[in-house]
Amino acid sequence: MGNGLTGQTVLVLGGRHLGAAIAAAAIAEGARVHVASHRPGGLHIDLHDETTIAAAAAELGPVDHVVNTANSPHAGPIGELDRDRTVDAFTAKVIGPLLLAKHFTIRRSLLLFSGQVGWRPARGKIVTGVTNGAAAFAARHLAVELAPVRVNALSPGIIDSGAWDGKGDGKPDFLATAAQQTLVGRTGTVTDVTDAVLWLLRAEFLTGETIHLDGGRP
């Protein structure tokens, strides 16, 4: 893809799995990349603590792009809903990005991560579904609020990013079943996601949209 981000500054929230891959892909495109996490070491941003967001914004100064991959899933039936874990889920997907937009001077784009569950309701997935749907609405409204800065959301389907490794020996069957549910006959790869992210960072005539990267799953 060349050096389409040469000289631009990219802040990636979340340094595991997809966040790390996105950071590496942006560096390969010539960007100066900062990876922020609530974990010790490196640039500290805890989306639950607005003071850390403000401090990081003051430290970095203006940035060209912000990519938020933070996620705090909470699954289970409505009768087992945990209030604090629900707040954590909304903080990662919605409240945190609003605070990032509040404190950071963003020159080009803000990219949020949604997810396919937002459009496919299922029992036990209510918090995940609502927060993913809310992320898409946040992108739409932030695009108006921050214009001409572009704001979009990316909604991946099942991606073999390492996030499913906890399924152990059941992972191959899980991915095979997920592949059968797509129109393209496979699950997503990390490269599928990084390619989409790099395109969205450069897509200067696209804002307020949610891109569904799910293999055309009906």
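Val66 stands opposite Leu110, a residue of β5. That pair is my way into this model, which is a predicted one. The strands involved are β4, residues 63–68, and β5; they run parallel and are joined by five bridges. To get from β4 to β5, the chain passes through helix α3, residues 83–103, and this β-α-β crossover is right-handed.

Now the other partner of β5. Leu111 has Asn152 of β6 opposite. Strand β6 covers residues 150–156, and its pairing with β5 is again parallel, over five bridges.

How much of β5 is buried? Six of the eight residues in β5, which spans 106–113, are buried, so the strand is mostly covered. As a general point, side chains in a regular strand alternate between the two faces of the sheet.

The last item is Gln8. This residue lies in the segment before β1, and β1 itself is 9–13. Is Gln8 buried or exposed? Its relative accessible area is 11%, and because the cut-off for buried is under 20%, Gln8 counts as buried. What does the side chain of Gln8 make a polar contact with? The partner is the side chain of His65, at 2.5 Å. Leaving aside neighbours within four places in sequence, the residues in contact with Gln8 are Ala31, Arg32, Asp64, His65 and Arg108.

Key: Residues numbered from 1 in each chain as written. Predicted model: local features only at pLDDT ≥ 70, side-chain atom pairs only at ≥ 80, totals over all residues. Heavy atoms only, no water. Buried < 20%, exposed > 50% of the residue type's maximum accessible area, 1.4 Å probe, protein only. Helix = DSSP H or I, 4+ residues; strand = E, 2+ residues; numbered from the N terminus. Pairing = 2+ DSSP bridges. Right-handed = clockwise from strand over helix to strand, strands pointing away. Polar contact = N/O pair within 3.5 Å; in protein donor to acceptor, adjacent residues only side chain to side chain. Contact = heavy atoms within 4.5 Å.
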